[in-house]
Amino acid sequence: MPGFVIIPALVWATLLLVAGGLALVRARDVLQRIVALDLLAVIVIALLALLSYLRGQPYYLDAAVALALLSFVATVATARYLDKGGPFG
Amino acid sequence: MISVVLDMAGGALLLLGLVLLTISLIGVLRQPGTFGQLHAQGLATGPGVMAVLASSIATENAATITFAVLAIVFIALTSPVSAHAIARAAHRRRPRRHGAAPKAAAPEGTAPDGEPEQTR
Amino acid sequence: MLAQVLRVVVLTTIYLLALTSLRPGDVLVGLVLSTVVVATAARIRTSTSDRGRSLRRRLAGVPGLIGGTLVDLAKGTWATTRCLMGGGLPHGGLVEVPIPPSGQGAAAAWGIRVGFVPDTVVVELDERKGTMLLHVLDARDPDAVIADQIDSYERRQRRVFP
């Protein structure tokens, strides 16, 4: 993919990351904070994918898959903790 | 010829994904309740990031496309589960507001008609 | 037998995808590993009921399941976008959908297929009682929501996860 497509997309995704930080700060509830953190993880995954297209290195996508795994586990554990008072309760 | 077509398809998917991510972020910023935010977030974790990852077809690099497919499958299987975990926690923390499943103990951090106060 | 072979092939494919290589040594290691895993699982779980009977029919339903879910995804994305860009969701609410009480696999398929689409959020899922609590964008007409869900179940999921 040509660079003149990817560079603006990278700028766009970085701005989205800043706006996601704003959503994290503005969250009123701990659950809304979890939603914002999940969204931030998704934006970082998109950013890593774009970086991988720009550099032509598939290994950034490896990091994206690992980040998806970590964010999934973290979200589920936190939600279950808030639900029942323990991640395995 | 094929390369041009793939480039255009990838660019269109990339644009679609970024627009969906933007709409989702606006929704999360604007919606007051957790359930509304979950609908907005589902827009990003489902179609948004999948469109961005699917635009890897334009790179024409087998390893990149393979990883992207792996990431798409993984995200498609995990994002409903995490959304469900958040929704269930939200439902159980304030069961009275939506009427279903009344519990004996009223949740303390809940305002009479509005949003729950900051609890933690 | 077909089910076992299918499992070995799927596990090997995941292994090779994670490695992103097709070298013969990697294929061999993946085949050995997945054969060991499948054999161990078959040894542990002895009660493999009459699953092989309808495996072909279930496999034939998989493209319909994936394609239908993608159609649902496109529709739900459009509805959610319009709702978010418009006046928000003043009519959002919870709807309880009755699902046919069946095994855990079918319940998991319900949850993932429905929760994947952005205009429905799965709140509670109980496969024993056969109920699924959904949060939808427009809860003014619960019967229409229930009819929609049952219809998409019958058209997409029932052949694969009955």
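**Exercise 1.** Work out how many salt bridges the count gives between chain A and chain B, and describe the rest of that interface.

*Solution.* Start with the charges: the count is zero salt bridges between chain A and chain B, taking a salt bridge as a side-chain nitrogen of Lys or Arg within 4 Å of a carboxyl oxygen of Asp or Glu. Next, who supplies the chain A side? Helices α1 (3-26), α2 (30-55) and α3 (59-84) of chain A each give at least two residues (helices are DSSP runs of H or I, at least four residues, and strands are runs of E, at least two, numbered from the N terminus). The largest share, 16 residues, belongs to α2(A). Now the area: chain A and chain B bury about 4200 Å² between them, with 73% of it on carbon and sulfur atoms. Buried area here is the accessible area (1.4 Å probe) lost on putting two parts together, summed over both.

A word on the ground rules: this is a predicted model, where local features need pLDDT of at least 70, side-chain atom pairs count only at pLDDT 80 or more, and totals for chains, interfaces and linings use all residues. Residues are numbered from 1 along each chain as its sequence is written, chains are lettered from A and ligands numbered from 1 in the order written, and side-chain values use heavy atoms, leaving out hydrogens and water.
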